[in-house]
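Good morning, and thank you for joining. I shall present one chain, and I ask that you keep its sequence and structure in view as I speak.

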Amino acid sequence: MRILRPFRPRLIGSVMTGHVRKGSDIDLHLFTDSVALVTELLEQDGLQYDVERKQVVKHNEARVFTHVHVHDRFDSS
């Protein structure tokens, strides 16, 4: 989270609530106008990642969210 500090990371999901199970993701919300700024920092730190855009419809309103999936550094077994 230190390298993501400029984007005010907030922990969300099962890790935040304490409902963690084997294989749980660590989910963070970041605040930025440019995903490229985030991916540049990840690259500088030598991290591998994938970018995915998902459309979510809620209350008849469609919104697109950008997800950056950082590849695991540690064996999850």
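In what order do the elements of the chain run from the N terminus on? The order is β-α-β-α-β-β. In total, the secondary structure comprises two helices and four strands, where helices (H or I, at least four residues) and strands (E, at least two) are DSSP runs, numbered from the N terminus.

Before the details, a word on the source. This is a predicted model, in which local features need pLDDT of at least 70 and side-chain atom pairs count only at pLDDT 80 or more, while totals for chains, interfaces and linings use all residues. Residues are numbered from 1 along each chain as its sequence is written, and side-chain values use heavy atoms, with hydrogens and water left out.

As to confidence, pLDDT is the predictor's confidence in each residue, from 0 to 100. The chain averages 90, and 94% of the residues score at least 70.

I turn to the overall dimensions. The C-alpha atoms fill a box of roughly 40 × 30 × 20 Å along the principal axes. Of the 77 residues, 10% count as buried; buried means under 20% relative accessible area, exposed over 50%, and partly exposed in between, with a 1.4 Å probe and protein chains only.

The largest nonpolar core has six residues: L4, F7, V38, L42, L47 and Y49. Such a core is a set of buried Ala, Val, Leu, Ile, Met, Phe, Trp, Tyr and Cys residues joined through side-chain atoms within 4.5 Å. In soluble globular proteins, nonpolar side chains tend to be buried together.

Which residues does V38 contact, leaving aside its neighbours within four places in sequence? They are L4, F7, L30 and T32, contact meaning heavy atoms within 4.5 Å.

T39 lies in helix α2, residues 35-44. Is T39 buried or exposed? T39 is buried, because its relative accessible area is 10%. Not counting residues up to four places away in sequence, T39 touches Y49 and V51.

Finally, I consider I26, found in the loop between α1 and β2 (27-29). I26 counts as exposed because its relative accessible area is 65%.

That concludes my presentation.
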